[in-house]
Amino acid sequence: MRWWTAKTRQTIRYVFGRVGADERAELTTWLSEPQLALFDSMHRADQRHGLEVAAMLRTEGYQDREVLLAALLHDASKGPSVRLPQRVAWSLGERYGEGVTRTFARLPGFAAAFEGLRHHAADSAAMASAAGCTERTAGLIRYQSDPVDAEAGAALRAADEAC
C-alpha cells in the first residue's frame, strides 16, 4: 500500500506541484548560477520532488551541501519530454516487471521516454557535474538506485522513495 500512496502523491505533484517564490529565493542563497540554471531547467514536478527529498533529509539531520544538492538535482535529466503517462507506465514496469514496460513501449513516444528514464541517473549525474557539483554529489546521483555510499546514498534513496 505504501508504494501506491507514494506514487499517488507523485502523480498529484506532477499535476499540481509548484515551487514557491520563497523556496526559489532560498535556493539562490546556496546554489551556484549553473546549479540554479539546472534546477530551473527541470520539470516543475521534478523540482518539487527534489525540494521534498532535500527537506526530508534535512529533517533527518543532513546538512551536508553535497547530499542536499544530490537530493535537489537527482532527477535533472528526466526533462519535459517524459510526460505523466510515460512516468506512470515506467513505475508500473518497475513494480510489476519488464513485461509491462515492453507493452507500453509499443505506444508512440514511450520507447524514447523509457530510454531516458533507464539512463536518467547517469545523465543527471553528468548534468550535475557540468553544473559544478562535486564528484561526490554526482556519485550520489549516479548510484541513487544502488547506493555505494552506505550512509548518505542509502538516506538519499530512502528519502527519494518516500517522497
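R13 counts as buried, because its relative accessibility is 6% and the cut-off for buried is under 20%. This arginine lies in helix α1. The model is predicted.

**R13 and its surroundings**

- R13 touches R44, A45, R48, H49, E52 and C163, leaving out residues up to four places away in sequence.
- One of these contacts is R48. R13 and R48 are 35 residues apart in sequence. In space, their C-alpha atoms are 7.3 Å apart.
- The list of contacts also includes E52, a glutamate, and C163, a cysteine.

- A113 is found in helix α8.
- Is A113 buried or exposed? A113 is buried, because its relative accessible area is 5% and buried means under 20%.
- A113 is in contact with V82 and Q86, once its neighbours within four places in sequence are set aside.
- A113 and A37 are 76 residues apart along the chain. Their C-alpha atoms are separated by 23 Å.

**Aromatic pairs**

- How many aromatic pairs does the count come to? The count comes to five aromatic pairs.
- The W3 and Y96 pair links distant parts of the chain. W3 sits in helix α1, which covers residues 2-16. Y96 sits in helix α6, which covers residues 84-96.
- Y96 counts as partly exposed, because its relative accessibility is 49% and exposed means over 50%.
- W90 and F114 form an aromatic pair that is tilted. Their centres lie 5.5 Å apart, and the angle between the planes is 50°.
- Why tilted? The angle is 50°, so the pair is neither stacked, under 30 degrees, nor edge-to-face, over 60.
- This pair also links distant parts of the chain. W90 is in helix α6, and F114 is in helix α8, residues 110-118. They are 24 residues apart.
- Both W90 and F114 are buried.
- Which residues form one aromatic cluster? W90, F104, F110 and F114 do.

**Helices and overall shape**

- The protein has 11 helices and zero strands. From the N terminus on, the elements run α-α-α-α-α-α-α-α-α-α-α.
- The radius of gyration is 15 Å. This agrees with a compact globule, because a globule of 163 residues would have a value near 15 Å.
- The C-alpha atoms fill a box of roughly 45 × 35 × 30 Å, taken along the principal axes.
- Contacts between residues at least 6 apart in sequence form one set, and 69% of them join residues at least 24 apart.

**Burial, surface and charge**

- Buried residues make up 43% of the 163 residues. R13 is among them, and so are A113, W90 and F114.
- The protein exposes about 8,400 Å². Carbon and sulfur atoms supply 58% of this area.
- There are 20 positive and 21 negative side chains. The centres of the two sets lie 8 Å apart.

Terms used:
Residues are numbered from 1 along each chain as its sequence is written. This is a predicted model: local features need pLDDT of at least 70, side-chain atom pairs count only at pLDDT 80 or more; totals for chains, interfaces and linings use all residues. Side-chain values use heavy atoms; hydrogens and water are left out. Rings of Phe, Tyr and Trp (its six-membered ring) pair if their centres lie within 6.5 Å; planes under 30 degrees apart count as stacked, over 60 as edge-to-face and the rest as tilted. Helices (H or I, at least four residues) and strands (E, at least two) are DSSP runs, numbered from the N terminus. Buried means under 20% relative accessible area, exposed over 50%, partly exposed in between (1.4 Å probe, protein chains only). The radius of gyration is taken over C-alpha atoms; the globule rule is 2.2 Å times the number of residues to the power 0.38. Contact means heavy atoms within 4.5 Å. Accessible areas come from the Shrake-Rupley method with a 1.4 Å probe; for residues, only the protein chains shown count as cover. Lys and Arg count as positive and Asp and Glu as negative; His and the chain ends are not counted. The place of a charge is taken as NZ of Lys, CZ of Arg, CG of Asp or CD of Glu.
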